[in-house]
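Here is a short briefing on one protein chain. Keep the sequence and the 3D view side by side as you read.

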Amino acid sequence: MKNIFKFLLISSLFTGVLGSCDDKTDIPYLDNPTFKEDFETNFPNWVKYSEVGAQVWTLDPTFGNPYPGACAKMSGYSGGNNANVDWLISPAQDLSSYSSASIAFDNAYKFDGPAIEVYVSRNYSGSGDPNATGVTWTKIEGANLSPGNYAYVSSGLLDISGFAGSGNNAVYVAFKYTSTTSASSTWEIDNVKIYGKN
């Protein structure tokens, strides 16, 4: 009898938890992203643009999330600290059929240096200089960033709904890396996801 009572109690609690969810709750691991990049290959559809410095975005075949797995990696350190500004820009995303949109990504870093930055543009050409005449980028704030020591964390869902809807059928997401001659961290990016919602 006690076992039956326990079963009924646990069942009712479980049902209550499930019933508390609604369609306004973002559950990324249950949703299907409209775009996903896990960087298992050398991400040939992404633009890797070096604005300053000799170091560039590369494929790390081992230290992705989960380990072992590949990721995109950028470091300004090569025999010492080096000044770099390097962009990693996604393929064009068609968000015209969505009323809202968000992005999420995993990130890890180590060593001192400026934090990775996230930008979105609706008028980038899809190739070449992201600072070309007429190109504008909006910085996306609020990403949850790694505490360091190569510990991966999720950025959380970052709202880019301003880029969804009619007329926004060529949207680009970019990661901008910066280092200096005194501080050159290493950043790893993995599992980039874009979600669209009608």
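The points below go from the whole chain to single residues.

This is a predicted model.

**Confidence**

- Where pLDDT is low, the predicted coordinates should not be read in detail.

**The chain as a whole**

- Along the sequence, the pattern of the protein chain is α-β-β-β-β-β-β-β-β-β-β-β-β.
- The protein chain has 198 residues, and 38% of them count as buried.
- Take the contacts with a separation of 6 or more: 79% of them join residues 24 or more positions apart.
- The accessible surface of the protein chain is about 10,700 Å². Carbon and sulfur atoms account for 54% of that surface.

**The open sheet**

- What is the order of the strands in the open sheet? It runs S2-S5-S11-S7-S8, with antiparallel pairing.
- Strand S2 (47–52) and strand S8 (138–139) are the edge strands. Each of these edge strands pairs on one side only.
- Strand S7 covers residues 117–121, and two bridges join S7 to S8. S7 and S8 run antiparallel.
- Find valine 120, then look across to S8: threonine 138 stands opposite.

- Strand S12 spans residues 186–197. Is S12 mostly covered or mostly open? It is mostly covered, with nine of its twelve residues buried.
- Strand S1 (residues 35–37) is joined to S12 by three bridges, and the two run antiparallel. Here phenylalanine 35 has isoleucine 194 of S12 as its bridge partner.
- Strand S4 (residues 71–75) pairs with S12 over four bridges, also in the antiparallel sense. Serine 75 has threonine 186 of S12 as its bridge partner.
- Strand S6 (residues 100–110) is joined to S12 by ten bridges, again antiparallel.

**Serine 121**

- Serine 121 is found in strand S7.
- Why does serine 121 count as buried? Its relative accessible area is 0%, and buried means under 20%.
- The side chain of serine 121 reaches the backbone nitrogen of tyrosine 124 at 3.2 Å.
- A polar atom of the serine 121 side chain also lies 2.8 Å from the backbone oxygen of threonine 136.
- Leave aside neighbours within four places in sequence, and serine 121 is in contact with Val135, Thr136, Trp137, Phe163, Ala170, Val171 and Tyr172.

**Tyrosine 150**

- Tyrosine 150 sits in the loop between S8 and strand S9 (153–154).
- Tyrosine 150 counts as partly exposed, at 33% relative accessibility.
- Which residues does tyrosine 150 touch, not counting those up to four places away in sequence? They are Ala108, Tyr109, Lys110, Phe111, Thr186 and Glu188.
- Tyrosine 150 and threonine 186 are 36 residues apart along the chain. Their C-alpha atoms are separated by 8.6 Å.

**Salt bridges**

- How many salt bridges does the structure hold? It holds two.
- In one, the side chains of aspartate 60 and lysine 73 meet at 3.5 Å, N to O. Aspartate 60 lies in strand S3 (residues 58–60) and lysine 73 in strand S4, so this pair ties together parts 13 residues apart in sequence.
- Aspartate 60 is buried at 7% relative accessibility, whereas lysine 73 is partly exposed at 26%.
- In another, lysine 139 pairs with glutamate 117, and the closest N and O atoms are 3.0 Å apart. Lysine 139 lies in strand S8 and glutamate 117 in strand S7, so this pair ties together parts 22 residues apart in sequence.
- Lysine 139 is partly exposed, with a relative accessible area of 36%.

Definitions and conventions. Residues numbered from 1 in each chain as written. Predicted model: local features only at pLDDT ≥ 70, side-chain atom pairs only at ≥ 80, totals over all residues. Heavy atoms only, no water. Pairing = 2+ DSSP bridges. Buried < 20%, exposed > 50% of the residue type's maximum accessible area, 1.4 Å probe, protein only. Polar contact = N/O pair within 3.5 Å; in protein donor to acceptor, adjacent residues only side chain to side chain. Contact = heavy atoms within 4.5 Å. Areas by Shrake-Rupley, 256 points an atom, 1.4 Å probe, with all protein chains shown as cover. Salt bridge = Lys/Arg side-chain N within 4 Å of Asp/Glu carboxyl O.
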